[in-house]
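Me: Please show the sequence and the structure, and then take the questions in turn.

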Amino acid sequence: MSPVTNFADRTHPDTICLFDVDGTLTPARLDISKEMEETLVELRKKCVIGFVGGSDLSKQVEQLGPNVLKNFDYCFSENGLTAYKLGEQLASQSFIGYLGEDRYKKLVNFVLRYIADLDIPVKRGTFVEFRNGMINISPIGRNCSHSERNDFEKFDLEHKLREKFVAALQNEFPDYGLTYSIGGQISFDVFPTGWDKTYCLRHIEHENFKTIHFFGDKTFKGGNDHEIFAHPIVTGHTVKNPLDTERILKELFF
């Protein structure tokens, strides 16, 4: 996949396709397939493309490949709080700068006590992951194996662990101005209200795109794709998995 720096060369230069990562471009925390890569190469000839995910760039590189900054026109890590256009970094925002050290410590202390009291089948490590624009909270711990991740997802669907955790945080910190967004299989993101995936739209509003497509799998209310999926200037598409993403793209563009 090679960079295309002149949007006017696209068949539809006024159209951009934005993609969630986990469950949309790749299986959760796994690598992008050769078939998806080839689909995106062809799509990039037709329109502008970008991804928007909650993870930091290093995790997105693991999944989408080492040339991710060249292979996408826009790369929006941490919902666009860290952003790149054609490989060049744009302005960024800081979660700790917004919340302050004292309030952050109170939040994290509550989270760790809550997890300590959880009775779940497996606990591993990295329960709170600090990122530039948010924190990610995982009751099982992000160091779990892929099979443990799948097992936890099933357990969570039955017992609603993450939903109850979010409700407890909302009750404990009603004045913090935070949004709690469940995504992926094992965790949820915490960020200032308004810093959801719609934040990435701030980076492209001056480009005057006539059509903004977004593809995501967690588009339900409370899912981390919902806000951008439902945004009035965005045409949202709910996908079941990467194969479904490819199917919809072929219907729309090929």
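**Helix packing and two annotated residues**

Me: At what angle do H6 and helix H7 pack?

Reply: The model is predicted; local features require pLDDT of at least 70 and side-chain atom pairs 80 or more, while totals for chains, interfaces and linings use all residues. Residues are numbered from 1 along each chain as its sequence is written, and side-chain values use heavy atoms, without hydrogens or water. The axes of H6 and H7 (residues 161-172) lie 6 Å apart; helices are DSSP runs of H or I, at least four residues, and strands of E, at least two, numbered from the N terminus. With axes fitted to C-alpha atoms over the stretch in contact, and angles running from 0 to 180 degrees between N-to-C directions, the value is about 65 degrees.

Me: Is Arg142 buried or exposed?

Reply: Arg142 sits in the loop between strand S7 (135-137) and helix H6 (146-159). Buried means under 20% relative accessible area, exposed over 50%, and partly exposed in between (1.4 Å probe, protein chains only). Because its relative accessible area is 13%, Arg142 is buried.

Me: Which residue's side chain is joined to that of Ser187 by a polar contact of 3.0 Å?

Reply: Ser187 belongs to strand S9 (residues 187-192) and is buried at 6% relative accessibility. Beyond four places in sequence, its contacts include Ile137, Arg142 and Arg162. A polar contact pairs N or O atoms within 3.5 Å, within protein one able to donate a hydrogen and the other to accept it, with residues adjacent in sequence counted only if both are side-chain atoms. The partner at 3.0 Å is Asn136.

Methods. Contact means heavy atoms within 4.5 Å.
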